[in-house]
Amino acid sequence: MFNTVEEVYTFIDSQKDRVYALDNFKHYMEKMGNPQLQIPCIHIGGTNGKGSTTNYIRSVLQEQGYTVGTFTSPFLEKPQDQIRINDRFIEDHFIVTLANRYMDDWMKAEISKFEIEVFIAITYFIENHIDYAIYEVGLGGELDATNIVTPLVAVNTNIGLDHIAFLGNTYEEIARTKAGIVKPGIDYITGEQKEECLNIFKSICQKNHSQLIQVRNVKSIKQDPFVSFKFDHLSIQLSTLASYQVKNAALALEVLFYLRMRKGVRISDEAMVRGMKKAAWKGRFEVMRENPLVIIDGAHNNDGIQAFVDAAKQFKDIKVIFTALKDKSTHEMMTLLLTLTDDIVVTEFEFYRSQTAERLAEDFPVQVDEDWQHAVDEGLNHQGTLLITGSLYFITRVRKYLLEKGEDRKSTR
């Protein structure tokens with residue numbers, strides 16, 4: 001019997017890690033009566049921007065008055081933040097009660113850590129009678145544990161060359177895996193523009209008698225200092241300094257228009273405008289301090305770093321602190337960062353997949369500081385703009401460290 005949520009997560013973490021297969025979990029959910037089919041949901045896959053897109057959709061639906069559950073990964077503050085209702089973390093007592101009820105079943109079924117988390121999310125949403133759920137794919141699509149759902153619509157943010165050991169080393173191979181969340185008669189909305197990926201999507205949608213829908217172009221993009229644009233007949237303002245969020249916001253709006261026009265979901269224009277402005281996603285171009293200006297961003301692959309660099313060009317006198325995981329294309333990421341500034345510190349952190357600072361540095365003209373906390377402390381003395389980026393696992397630690405240090409002069413605007 002578990003007494004605390006910490007005991008539960010210690011148990012969950014001791015189970016086998018994410019398995020890139022679905023048959024075992026499908027069988028388990030069938031024995032449980034396929035509870036996931038009770039919840040109207042949206043399923044969101046892609047390489048980058050899944051969490052932000054999920055959050056924009058959640059914010060608008062919540063603004064409309066719906067109760068909305070979200071499942072995202074990885075966590076940023078603590079494991080409970082992966083499962084939320086109306087942006088509030090799952091309660092500890094629910095996790096303890098559920099684990100005591102189902103632990104024996106989980107052990108007998110030999111389901112993985114990630115599958116247990118998906119099951120907890122589904123059960124939590126059902127018992128709280130939510131109106132809609134939004135599930136973010138964990139890895140890939142076709143064989144991901146979240147792919148047991150049957151959504152109102154399937155969504156793809158984009159396709160990038162990430163997790164190639166699991167998903168393939170070409171855009172076409174990865175696109176085929178990501179589009180595995182398309183089901184018969186379920187339409188697919190994408191923000192992707194690469195022709196080779198769109199051809200794969202069209203073929204898969206045709207086989208499933210589904211419609212492929214591409215995001216419409218936005219107009220009048222401005223930044224003063226926050227990002228604004230026009231989508232269809234709406235004037236949208238976001239509460240972010242990151243220009244790359246325009247794509248994620250536009251995709252979210254396309255999904256919301258689809259739900260309103262095709263699925264009869266009541267969503268007013270006013271709720272869209274207010275919900276998009278209220279949405280904020282921690283760890284994505286998040287301003288942690290104003291003086292000096294400190295921004296953290298979980299740009300953890302090539303496409304993410306490119307978007308980060310594009311968004312950061314608005315600032316002057318930039319210093320960057322960076323680290324990444326071993327399985328990323330760190331040479332290309334470093335090359336991109338050096339187009340932004342030559343004041344770069346590479347560091348490392350304690351995590352079994354973390355790359356060493358020495359390997360990250362290679363022969364690039366960068367500084368090496370193996371102690372990431374020391375690197376951050378030194379960076380706070382920089383009089384210009386301090387940008388801290390890289391692995392989301394690293395950003396989680398940095399965010400907590402900065403908040404614990406206090407003296408937070410973050411703007412309340």
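Start by selecting Y393, which sits in helix α15 (residues 392-405); helices here are DSSP runs of H or I with at least four residues, strands are E runs of at least two, and both are numbered from the N terminus. Before you go on, bear in mind that this is a predicted model: local features need pLDDT of at least 70, side-chain atom pairs count only at pLDDT 80 or more, and totals for chains, interfaces and linings use all residues. Residues are numbered from 1 along each chain as its sequence is written, and side-chain values use heavy atoms, with hydrogens and water left out.

**Stop 1: around Y393**

Is Y393 buried, partly exposed or exposed? Y393 counts as partly exposed because its relative accessibility is 30%, where buried means under 20% relative accessible area, exposed means over 50%, and partly exposed is in between (1.4 Å probe, protein chains only). Now show its contacts, meaning heavy atoms within 4.5 Å. Not counting residues up to four places away in sequence, Y393 touches P74, L325, F349, F351 and R353. For a sense of distance, draw a C-alpha to C-alpha line from Y393 to A279: they are 114 residues apart in sequence and 22 Å apart in space.

**Stop 2: P74 and the other cis bond**

Hop from Y393 to its contact P74. P74 is in the loop between β2 (68-71) and β3, and a cis peptide bond with omega of about -5° joins S73 to P74. Next, pick D224 and P225, also joined by a cis peptide bond, with omega about -20°. P225 is in the loop between β9 (219-223) and β10 (227-231). As background, most peptide bonds are trans, and most residues other than glycine have a negative phi.

**Stop 3: positive phi**

Select N34, in the loop between α2 and β1 (41-45). N34 is not a glycine, yet its phi is positive, near 50°. N34 counts as partly exposed because its relative accessibility is 24%. Then go to F285, in the loop between α10 and β12 (286-290). F285 also has a positive phi, about 50°, without being a glycine, but F285 counts as buried because its relative accessible area is 3%.

**Stop 4: M272 in α10**

Stay with α10 (residues 269-278) and select M272. M272 is buried because its relative accessible area is 0%. Leaving aside neighbours within four places in sequence, M272 is in contact with V60, L234, L253, L256, F257, R260 and I267.

**Stop 5: the nonpolar cores**

A nonpolar core is a set of buried Ala, Val, Leu, Ile, Met, Phe, Trp, Tyr and Cys residues joined through side-chain atoms within 4.5 Å. The largest one has 39 residues, and F25, Y28, I83, W106, I120, F125 and Y135 have the most contacts inside it. Colour the elements that give two or more residues to this core: α1 (5-14), α2 (23-31), β3 (83-85), α4 (92-109), α5 (113-127) and β5 (132-136). Which element gives the largest share? That is α5, with 9 residues.

Zoom in on Y135, which touches I39, C41, I42, H43, I44, F71, I122, F125 and V149, residues up to four places away in sequence not counted. Another core lies apart from the largest one, with 37 residues, among them Y66, L251, A252 and I267.

**Stop 6: cysteines**

How many disulfides does a search of the whole structure find? It finds 0, taking a disulfide as a pair of cysteine sulfur atoms within 2.5 Å. C41 is in none, and the nearest cysteine sulfur, in C205, is 17 Å away. C41 counts as buried because its relative accessibility is 1%. C197 is in no disulfide either, with the sulfur of C205 the nearest at 13 Å. C197 is buried too, at 0% relative accessibility.

**Stop 7: the cavity**

To finish, select G51, T54, N55, R58, T70, T72, R84, D87 and W281, which line the largest cavity. Helix α3 (residues 50-64) gives the most to this lining, with 4 residues.

Methods. 1 Å grid on protein atoms, 1.4 Å probe; cavity = no way out; pocket = protein on both sides within 12 Å on 5 of 7 lines; lining within 4 Å.
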